Amino acid sequence: MSSGLGDFFKGFYEGFKSFGQSVSKVVNLILLGVVYFVGMGLTAIFAKAFGKKFLEIKATDSKSTWEKVRIKKEQLENYKRMF
Amino acid sequence: MYILGIDCFYHDAAACLLKDGKIVAAAEEERFTRRKHDINFPINAIKFCLRQANITVDDLEFVTFYEKPLIKFERILNSNIEMFPFSFPVFYKAMPSWLNEKLKLKSIIRKKMKYNGEVLFVDHHLAHAASCFLISPFKKSAILTIDGVGEWATTSLGFGEGNNITLFEQIKFPHSIGLLYSAVTEYLGFKVNNDEYKVMGLAALGEPTYYDDFKKIIHINEDGSYSLDMSYFIYHYKLSMVSKKFIKQFGPKRIPESDLEKRHIDIAATLQKITEDAMFKMLNHLYEQTKCKNLCMAGGVALNCVVNGKIRKHTPFKEIFIQPAASDAGAGMGSAFFIYNTVLDRKREFTMENAYLGPGFSRDHIKNFLTKNKINFTEFKDDSELLRKTAKLIFDNKIIGFFQGRMEWGPRALGNRSILANPCNPQMKDILNDKVKHREDFRPFAPVTTIEDFKKYFESDHGDTFMLFVYPIKKDKQRTIPSVTHVDGTGRIQTVSREQNKRYYQVIKEFEKLSGVPVLINTSFNIRGEPIVCTPEDAYRCMMGTGIDYLVMENFLIGRADNPKDMWDSWKGRREILIKMG
């Protein structure tokens with residue numbers, strides 16, 4: 001009797017967990033969809049309207065595509081940032 | 001001062017601990033979790049590093065991370081916006097990981113390590129640059145870092161002098177030689193970030209007949225800069241890498257594990273040729289900018305040992321240093337050295353002379369393992385006698401698992417976690433594949449020889465401790481060591497000196513006494529699909545699951561045939577999968 005109850009609760013828990021994961025997937029999809037299509041979508045539309053490029057994907061005939069940079073050591077404080 | 005450098009969440013998570021600017025310990029997480037290329041937070045590697053130094057997290061001055069996550073996130077968002085609305089699947093897949101892990105790195109480090117100190121973030125390509133230059137023997141050096149992509153940079157040129165590193169030119173995402181190589185790897189039915197070296201090996205069998213086609217997809221300038229025609233690629237906004245236009249140009253993608261056709265092999269050969277052309281032009285340009293004959297390289301593309309072996313011939317560079325974990329696994333180490341030597345301006349006092357930085361196991365530990373598990377073994381009091389016996393077994397065409405000392409850092413086995421075999425036996429490649437490695441037929445095995453002998457066998461004036469250079473084998477020696485001679489007459493060489501690894505060196509010399517040849521096959525000690533073995537348990541399990549005949553663990557010799565109760569077939573499950581695939 002007690003092992004039957006144990007099996008029932010275990011099955012109930014697993015089922016509930018699985019249901020929770022499915023709900024989480026749906027919620028993720030909706031939330032991320034909203035962020036993507038509204039947030040990024042509006043940004044993309046405005047960018048295209050004003051000719052702003054976020055990524056250089058066009059091939060170029062330029063004789064050199066080296067971008068000059070000057071990356072060297074900075075103050076220790078600057079490395080505490082994630083950017 | 002203790003500094004811990006880590007990398008995780010993309011490729012090959014790893015940890016490296018410095019004490020006063022010298023490496024105390026370093027290891028990849030995969031070796032502990034037994035999950036190949038494990039990207040998860042390297043808690044096991046970190047615990048090992050702390051244990052090795054006999055310290056706790058409270059003794060750490062800094063924890064350093066190998067990139068700037070927010071700048072990388074900026075690149076991800078930019079790519080998604082630019083490719084709206086086609087980038088939604090990639091956005092949906094990537095965001096949970098970013099929001100739950102990658103943007104919360106500081107708190108994850110603090111929570112998982114119970115660490116309350118400072119966490120520092122170093123630019124990815126700077127970390128790569130530091131990982132090679134600051135541990136090289138050079139006071140001054142030109143630096144090339146080249147990989148798939150860091151935050152934005154895919155290729156960087158720089159210069160190192162003393163403690164300082166400056167990067168002065170870069171190429172940015174999505175234009176990337178590393179991603180080009182990975183894209184073709186995927187197209188050829190291999191795994192991205194895992195099998196690029198297989199494509200490199202495959203290239204030797206083909207001809208670069210697709211060169212004109214490749215010139216349409218990558219434009220290389222005379223100064224070595226380049227740009228990709230992104231209409232052939234979709235990796236910047238989709239989960240796959242090549243576009244329909246690429247497939248129309250080169251034919252259908254190869255199904256994984258299916259037979260290789262001539263066009264696949266020729267495409268691999270062309271990819272390798274174009275990579276070499278780009279690299280040599282880049283390096284010549286770098287030399288013109290720096291006028292320095294020393295070169296340090298890092299980034300995943302620096303593991304292309306075929307290119308590396310040709311650099312001296314095609315560029316003015318004379319001395320080259322590449323550390324064994326040149327990919328992202330080593331960038332965590334680089335971030336630690338960058339902070340210590342460059343930012344804090346502490347004197348450089350460490351040169352990487354060997355890669356033996358992982359866990360080691362005492363003879364007592366090994367004996368306890370063997371007796372506790374009722375394993376039949378022979379203990380040798382005289383080490384020389386065991387090494388002579390090992391050489392004799394190899395000479396008799398037995399396959400030996402060789403486990404000793406501290407585990408190697410990086411993807412190569414270098415004598416401490418190696419499988420050794422007879423290179424003079426022309427059948428040995430097939431025997432090793434059939435019994436142990438189950439690799440694709442086209443993949444060669446690599447030779448190890450001594451520092452005194454390599455010039456007799458290889459067309460090179462430079463040895464290599466870390467197995468990162470491919471050189472031609474002398475024509476009159478190719479028939480002597482057929483099992484390590486690739487179809488194009490080359491070999492990826494490891495040279496070892498008595499000082500670097502006494503026992504490994506001695507096995508080679510003992511083999512020479514029997515055969516007249518001071519060369520062995522050295523291949524990584526692992527079951528196919530698993531990481532290189534780490535512990536005595538891993539080593540024993542590997543031997544018993546494959547056709548390795550004997551296992552030498554320090555001064556113990558264990559025979560597979562002497563322990564039938566522990567035999568199992570590691571190939572069986574995989575064979576069934578391949579049969580199902582037809």
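For the 582 residues of chain B, a compact globule would have a radius of gyration near 25 Å, and the 23 Å of chain B agrees with that.

This is a predicted model, in which local features need pLDDT of at least 70 and side-chain atom pairs count only at pLDDT 80 or more, while totals for chains, interfaces and linings use all residues. Residues are numbered from 1 along each chain as its sequence is written, and chains are lettered from A and ligands numbered from 1 in the order in which they are written.

Chain B spans about 65 × 60 × 50 Å along the principal axes of its C-alpha trace. Of its 582 residues, 55% are buried; a residue is buried if 20 or more other C-beta atoms lie within 10 Å of its own, exposed if 12 or fewer, and partly exposed in between, with C-beta atoms placed from the backbone. Two residues are in contact if their C-beta atoms, again placed from the backbone, lie within 7 Å. Among the contacts in chain B between residues at least 6 apart in sequence, 73% join residues at least 24 apart.

Chain B holds 21 helices and 22 strands. Helices (H or I, at least four residues) and strands (E, at least two) are DSSP runs, numbered from the N terminus. An automatic or database domain assignment supplies the domain bounds: domain 1 covers 2–135 + 324–343, domain 2 covers 177–321 and domain 3 covers 363–581 of chain B.

The C-alpha centres of domain 1 and domain 2 of chain B are 26 Å apart. Their contact involves 18 residues from domain 1 and 14 residues from domain 2. On the domain 1 side, α3 (69–82), α4 (88–100) and α6 (124–133) of chain B each supply at least two residues, and α6(B) gives the most, with 5 residues. That side of domain 1 divides into 8 nonpolar, 9 polar and 1 charged residues. Here Ala, Val, Leu, Ile, Met, Phe, Trp, Tyr, Cys and Pro count as nonpolar, Asp, Glu, Lys and Arg as charged, and the others, Gly among them, as polar.

Chain B also contains an open sheet of 8 strands with mixed pairing, in the order β13-β22-β21-β14-β15-β20-β16-β19. β13 (378–379) and β19 (494–496) of chain B stand at the edges with a single partner strand each, so one side of each has no neighbour in the sheet. Two strands pair if DSSP finds at least two bridges between them. Strand β16 (residues 446–450) of chain B runs parallel to β19(B), joined by 3 bridges, and Thr450(B) stands opposite Val496(B) in β19(B).

Chain A has 1 helix and 1 strand. Its radius of gyration is 26 Å, well over the 12 Å that the globule rule gives for 83 residues, so chain A is more spread out than a compact globule. The C-alpha trace of chain A spans about 80 × 40 × 25 Å along its principal axes, and buried residues make up 10% of its 83 residues.

The two chains meet through 32 residues of chain A and 46 residues of chain B. On the chain A side, α1 (2–50) and β1 (67–71) each supply at least two residues, with α1(A) giving the most, 9 residues. This side of chain A consists of 17 nonpolar, 6 polar and 9 charged residues. Strand pairing also crosses between the chains: β1(A) runs antiparallel to strand β8 (residues 164–172) of chain B, joined by 3 bridges. In this pairing, Ile71(A) stands opposite Leu167(B) in β8(B).

Key
Rg over C-alpha atoms; globule rule 2.2 N^0.38 Å.
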